[in-house]
Structure formats: structure tokens, C-alpha cells
Amino acid sequence: MKNYCIIANSSKDIEYELSEKIRDYLVKKGAKCYVDKSISSDKKYRFTNPDVLPEDIECIITIGGDGTLLQAAHDLIEKNVVFLGINKGNLGFLAQNCNTEIYRILDRLIDDDYKIEERMMLKGIVKRNGEVIYENVALNDIVIHRYGGISISDYKVYVNDLFLNEYNADGLICATPTGSTAYSLSAGGPIVEPNAGLIVLTPICAHSINGRSIIFSDKDMISVIIKEPRYLKNEKDLVAFDGYAEMVLEPDDVIIINKANLCTKLVKLDDSSFLQVLKDKMGEK
């Protein structure tokens, strides 16, 4: 690859010092590199407006942590690019810990010495009175959770239009294999190999003994119906896509979740990277 864009978390790459070192090295090697220092004011995007980026970009290099890569993948979903994350935050599963060998990795990118790993995404559609009022995609998860107040929420869940269960909980998480190591894991969900084709449904603090995660095929469609609040009528629920693209829900809204047609392409340099990070996360020596 010869055309790059760097998107950095400015709180972790202070004054874009690492970004500019990477840019200078790539340019020295005959590549083109654009450092995105703008923050989008368009509410459609979190940080990066794809309309201001050069059209010929092949690879997005993110500097920060998993969150930086997530927002870049979300904002640039319509771009046909691959992503490489450089971890400057906590130990993550998406961004690679490659600060000490960054120039060797950049050489591999220029020499096309890498693999591409395609990560499935989820699409969520919100219907109100039978009409679609919102839709978005997520690489990690789509989360439905209570908003304001401390009362639990009630959700009716259908899979492929067949009734599954009624959950009394703080919320529900629909996660991809990539997102299985994020919020779903914190809520007691399973760790899933990131290339698997499935959807993990994990209740958040369910008020029942059957509030365990359920794993579905990536061909399944999950529908969640928001029920009326039990007590205070002004209590609401939210739906969030990868933790930040949110909208307020009303009773009887239906959130339909299934596999998206789009995917996120990640640069793969080490076949054992997921297992190694998992081992480090679990505290193995």
C-alpha cells in the first residue's frame, strides 16, 4: 500500500508527535500520508469526516487505543480502506502493541507483507409505529439500556420473529465476535474468537436466574420491543452503537438487529495476536 491516513487520539499522541514521525517515514519510503488533525463538527460523525480525506487512501493508521479504531471504522465505514491500530492506551484487542517495532511494521505495509482480516458488523434499525426512524452499524456492539432513573426496564425479544424471552434488566447487549471482549464481557458474556460468524446476546444485570448470554448464528435476526416503564412514565431507554451513536427510545419502539452487509477490514500481522492479548488480559505469565 502506498496511500495512508493517520487518525490519532490527540490526548494520547500529544501534539501529533508519533503521527508526524510515521508520516515522515512513509513519505521517505515513497508513500503518501495525510495526518487528520480535524475534528468533525458534523453530528453524523464522531471525529472524522470522510468527505475531507483524500480519495485515494488505502490504509487508515489509528493511534490511541481500541476506541480510536472503533470511531474511525464507524466514521469511515463507506470507505474501501483497511485499518491498522497502534496502541497508545490500555491493553486492547483491536489496536496492536507495536510502538517498539513501528518502523518494521510500516515497512511490511509498504511491501504488502500482511493479511487482511474481515470483521463482521451489526446493523440496527429502529422502528416506531411501523416506520424506520433510525439506522446505524456497529463493529463492537449495539446496546439498549435504561436512561435516567434507576428502575429496571422490560424488553421483549424475538429471534426470526419467534418469541424468545421477556427480560427485566438494566439493558441488553448485542455483540459481534469482535465486541465479545468489550461491554458484553464485562456483563458476564463469553469470549468469542473474532473471526467467528455469530451474534452474542447478553442481558445487563437481568433480574432473573435465566439472564445468561445466548449465542445466535450471524444469519439470525433479533428484534427487541421496548415495553412501557413499570413506574415512572418519564423513564426512557437508549440505543447506542459502539458506545456513542445514541438515540432515545419510546415504549413500543422495535430495534431490529442482524448482520450488516459491510465489514471492517483490519491489517493482520501476527496470527497469534488475539490469543496473546487474551493471555495477557487473563494475567498469564
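## Asp 242 and its loop

Let's start with Asp 242, which sits in the loop that runs between β14 and β15 (245-249). This is a predicted model, and in it Asp 242 takes a positive phi, near 55 degrees, despite being a residue other than glycine. As a rule, most residues other than glycine have a negative phi. Is Asp 242 buried or exposed? With a relative accessible area of 10%, Asp 242 is buried, because the cut-off for that label is anything under 20%.

## Asn 160, another positive phi

Asn 160 also has a positive phi, near 55 degrees, and again this is a residue other than glycine. You'll find Asn 160 in the loop between β8 and β9 (162-169). Its relative accessibility is 38%, so Asn 160 counts as partly exposed; that class covers the range between the 20% limit for buried and the 50% limit for exposed.

Strands β5 (residues 115-128) and β6 (residues 131-138) run antiparallel to each other and pair over seven bridges.

## The largest cavity

How many cavities of 30 Å³ or more turn up? The count is two. The largest cavity holds about 140 Å³ of space, and 18 residues line it. Lying nearest its centre are Ser 153, Lys 227, Pro 229, Glu 235 and Asp 237.

Some of that lining comes from strands: β7 (141-147), β8 (153-159) and β14 (236-241) each put in at least two residues.

Which residues line the second largest cavity? They are Phe 93, Leu 94, Arg 119, Pro 177, Thr 178, Thr 181, Pro 194 and Phe 274. Sorted by class, this lining has five nonpolar residues, two polar ones and one charged. One of the lining residues, Arg 119, falls within β5 (residues 115-128), the strand that pairs with β6.

Methods:
Residues numbered from 1 in each chain as written. Predicted model: local features only at pLDDT ≥ 70, side-chain atom pairs only at ≥ 80, totals over all residues. Heavy atoms only, no water. 1 Å grid on protein atoms, 1.4 Å probe; cavity = no way out; pocket = protein on both sides within 12 Å on 5 of 7 lines; lining within 4 Å. Points joined across faces, edges and corners; volume = space filled by probe spheres on them. Helix = DSSP H or I, 4+ residues; strand = E, 2+ residues; numbered from the N terminus. Nonpolar A, V, L, I, M, F, W, Y, C, P; charged D, E, K, R; others polar. Pairing = 2+ DSSP bridges. Buried < 20%, exposed > 50% of the residue type's maximum accessible area, 1.4 Å probe, protein only.
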